[in-house]
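This briefing covers salt bridges, a helix and a surface patch. The structure comes first, followed by the points grouped by topic.

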Amino acid sequence: MPRDPRQIQLEIDAARESLAATLDQLVFRSSPSRLRAKGQAAVSSFLQTPVGIAAVGTVGLLLTVVVVRRIRNHD
């Protein structure tokens, strides 16, 4: 039994709106500025934890050791 052309057009319009909404959502999720802000927030919250503070301290200590060794070996 053939479908009504008006019903087919309504289904096409509904599918088009659904696809447009999905595309808008994907564009929002993959926005470079949004991803950068999300990454910065994640790093900032990590650095406020005890593990993050220890990691920064360790990197600072290692960097200090490397600089001191280069200064000593340079002379």
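Arg 16 and Asp 13 are three residues apart in helix α1 (residues 5-29), so about one helical turn separates them. The two side chains form a salt bridge, with 3.2 Å between the closest N and O atoms. The model is a predicted one.

**Salt bridges**
- Two salt bridges are found in a search of the whole structure.
- Side chains of opposite charge can pair when their charged atoms come close.
- In the pair Asp 13 and Arg 16, Asp 13 is partly exposed because its relative accessibility is 28%, which falls between the limits of 20% and 50%.
- Arg 3 and Glu 11 also meet through their side chains in a salt bridge, at 3.0 Å from N to O.
- Arg 3 has 52% relative accessibility and therefore counts as exposed, the cut-off being over 50%.
- Glu 11, with a relative accessible area of 35%, is partly exposed.

**Helix α3**
- Helix α3 spans residues 50-74, which is 25 residues.
- From first C-alpha to last, α3 reaches 36 Å, close to the 36 Å expected at 1.5 Å a residue.
- The number of buried residues in α3 is one of 25, so the helix lies largely in the open.

**Nonpolar surface patch**
- Val 43, Phe 46, Leu 47, Val 51 and Val 56 make up a nonpolar patch on the surface, and their accessible area together is about 440 Å².
- Helices α2 (32-47) and α3 are the elements that give two or more residues to this patch.
- The largest share, three residues, comes from α2.
- Val 56 of the patch lies in α3.

Key
Residues numbered from 1 in each chain as written. Predicted model: local features only at pLDDT ≥ 70, side-chain atom pairs only at ≥ 80, totals over all residues. Heavy atoms only, no water. Helix = DSSP H or I, 4+ residues; strand = E, 2+ residues; numbered from the N terminus. Expected span 1.5 Å × (residues − 1). Buried < 20%, exposed > 50% of the residue type's maximum accessible area, 1.4 Å probe, protein only. Salt bridge = Lys/Arg side-chain N within 4 Å of Asp/Glu carboxyl O. Patch = residues over 30% accessible without salt bridge, like charges linked within 9 Å, V, L, I, M, F, W, Y side chains within 5 Å. Areas by Shrake-Rupley, 256 points an atom, 1.4 Å probe, with all protein chains shown as cover.
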